[in-house]
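Hi,

Here is the structure I promised to pass on. My notes follow below it; have a look whenever you get a moment.

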Amino acid sequence: SYTEPVCAIIKHNNPCGAAIADNVAESYQRARETDPVSAFGGIVAVNRTLDGAAAEKIAAILTEVIVAPDADDAAIAAVARRKNLRLLLTGGMPDPLAPGITFRSLSGGFLAQTRDAGHVTAADLKVVTRRAPTDAELADLLFSFRVCKHVKSNAIVYVKGRATVGIGPGQPNRVDSARIAAWRAVEAAKAAGLDAPLTQGSVAASDAFFPFADGLEAVVAAGATAVIQPGGSVRDKEVIAAADA
C-alpha cells in the first residue's frame, strides 16, 4: 500500500526489520540495521522491482529468499551467483485491503476466519494526551503500527525516520517486549558504532492496550516520544496520565 520503496526482513515468521526509503537498496540497508544479527539467514521482501545494486547488497550476507514483484537482469545475475539463494517474483503486489478467508489447521479440523484487512489511517486516530504528535511523529506512528500488526503478540515496535529501530515480539507480557526491543536497539547501535541507540527520539507501537503503566514507562525509558496503541484497558486513565507525566 506504500508508493515508496519498502523492505521487510522476516525471520521465523516475524519481521526483524522494515523501512521506507528512496530506493530498494537503501530500504534494505535501513531495515537490516534494526537487528543485523537476526537478519542473517532471513527472508527479504520488497515492493519494487529488484535492481542489481539492491540484490548485491542483500546477497552480501546469508539470505534464504528474496521476494519481489519483478527483478532486472543485473539482480537475477547477482542472485544466481549465490548458492541456495532463492528469488521469488510475484508479478505484482497483493491488495492489503482485499477481503478473504484464512485457514488454520487444527487437530481433527480447521479454523476458517475472515482475513484481517484492517488499515489504520491518520483519520482513525484519537489523541488522548495533552500533547499531540508532530507530523513527523505521526508518519512514524502509522508506519510502526503497520509493522506491529505483523509481529507476534505481545508486540512492541520502535520506529524513527520511517524505519524500525527495535522490535520486541511474542513475549508473555508487554513490558518484556518493550525491553527486548530496546535491548536490540542498543546492540544494533554498538554494531553500527553509534553513541546511542536509535530508540532515542523514536516513536513506539503496541499491538494491544497497555494493561498497566509499566509497559508505557519501559517505552519511555527507551527514548520514545510518542506511542500508538488501541486502548481499551480498565487502567487507560492511569496509562494516559503516565504518558502526560
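Asn14 is buried, as its relative accessible area is 13% (buried means under 20%, exposed over 50%, partly exposed in between, with a 1.4 Å probe and protein chains only). Asn14 belongs to strand 2, which covers residues 14-20. A polar atom of the Asn14 side chain sits 2.8 Å from the backbone nitrogen of Lys152. Beyond its neighbours within four places in sequence, Asn14 is in contact (heavy atoms within 4.5 Å) with Ile9, His150, Val151, Lys152 and Pro169.

Before you go further: this is a predicted model, where local features need pLDDT of at least 70, side-chain atom pairs count only at pLDDT 80 or more, and totals for chains, interfaces and linings use all residues. Residues are numbered from 1 along each chain as its sequence is written, and side-chain values use heavy atoms, with hydrogens and water left out.

Now the whole chain. The protein chain has eight helices and 11 strands (DSSP runs numbered from the N terminus: H or I of at least four residues for helices, E of at least two for strands). Its C-alpha atoms fill a box of roughly 55 × 50 × 35 Å along the principal axes. Of the 245 residues in the protein chain, 39% are buried. Among contacts with a separation of 6 or more, 43% are between residues 24 or more positions apart. The protein chain exposes about 12800 Å² (Shrake-Rupley method, 1.4 Å probe), and carbon and sulfur atoms supply 56% of that area.

Happy to chat about any of this!

Best wishes

How values were computed: Polar contact = N/O pair within 3.5 Å; in protein donor to acceptor, adjacent residues only side chain to side chain.
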